Amino acid sequence: MDAGTAGVGLSADDLSPSSAISTWGYSVSRRYQHLLDKSTPHILYRWIACFAVAFIYVLRVYFVQGFYVVSYGLGIYILNLLIGFLSPQVDPEIQELSDGPSLPTRGSDEFRPFVRRLPEFKFWYAITKAFCIAFVMTFFSAFDVPVFWPILLFYWVVLFTLTMRKQISHMIKYKYVPFSFGKQRYDGKKASTESKSLLGD
């Protein structure tokens with residue numbers, strides 16, 4: 001019994017290197033997640049930090065005069081994130097085909113705000129992390145592929161224009177706006193008053 005207790009105490013005191021690294025990694029991960037959770041309500045400061053990281057990356061690429069393929073890949077990734085940020089969680093076209101168009105039929109029906117496919121926080125986090133990874137990649141010459149950068153820029157602008165035009169056409173067709181300004185409600189009293197007046201007439 002004493003030997004077993006001593007063995008347990010020895011294993012707890014003298015952790016193996018892998019266990020120590022695992023414990024340290026878990027501690028750092030929890031601390032990092034805690035900081036992310038605390039930053040969630042501070043939208044303005046988060047985006048200021050994101051733009052600061054993006055500005056540092058742009059300066060880095062400008063001074064080294066290279067890594068244009070990395071920048072192109074970063075631009076394609078950000079465009080993909082932007083589409084998710086501007087798109088509804090449920091595609092109205094698919095919903096219309098499955099359930100048919102649905103509109104509020106009662107005065108007590110509550111207005112449903114726009115729900116994104118990619119939430120704002122995940123959108124911000126993915127962009128910031130992408131810029132950080134791209135910045136680190138600029139320190140490795142293996143990613144500096146020689147290329148004529150105006151062609152990449154032109155292709156990205158064309159792709160961005162076509163994608164945004166398709167997205168705007170989708171927004172106009174299904175009459176949704178990818179931004180919600182406050183919480184809106186249908187006025188039940190007003191609706192009931194109007195219905196009574198119509199019945200009285």
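Reply: Setting aside neighbours within four places in sequence, Thr138 is in contact (heavy atoms within 4.5 Å) with Tyr57, Arg60, Val61 and Phe67. The model is predicted: local features require pLDDT of at least 70 and side-chain atom pairs pLDDT 80 or more, whereas totals for chains, interfaces and linings use all residues. Residues are numbered from 1 along each chain as its sequence is written, and side-chain values use heavy atoms, with hydrogens and water left out.

Thr138 belongs to the loop between H6 and H7; helices are DSSP runs of H or I with at least four residues, strands runs of E with at least two, and both are numbered from the N terminus. Thr138 has a relative accessible area of 2% and is therefore buried (under 20%; exposed is over 50%, partly exposed in between, with a 1.4 Å probe and protein chains only). In sequence, Thr138 and Tyr57 are 81 residues apart, yet their C-alpha atoms lie 8.9 Å apart in space.

Tyr57 and Val61 are among the buried residues of H3, together with Arg46, Trp47, Cys50 and Ala54. Seen down the axis of H3, these buried residues fall within an arc of 90 degrees, so they line one face of the helix; the arc is taken from the directions from the helix axis to the C-beta atoms. Leu44, Tyr45, Phe55, Tyr62 and Phe63 are exposed on the other side of H3. The buried residues of H3 pack against helix H2 (17-39), H4 and H6. H3 comprises 22 residues and reaches 32 Å from its first C-alpha to its last, close to the 32 Å expected at 1.5 Å a residue (1.5 Å times one less than the number of residues). After H3 comes Gln65, with a positive phi near 55 degrees.

The buried residues of H4, including Tyr68, Val70 and Leu74, pack against helix H3 (43-64), helix H6 (120-137) and helix H7 (149-174).

As for confidence, the protein chain averages a pLDDT (the predictor's confidence in each residue, from 0 to 100) of 79, and 72% of the residues score at least 70. Where pLDDT is low, the predicted coordinates should not be read in detail.
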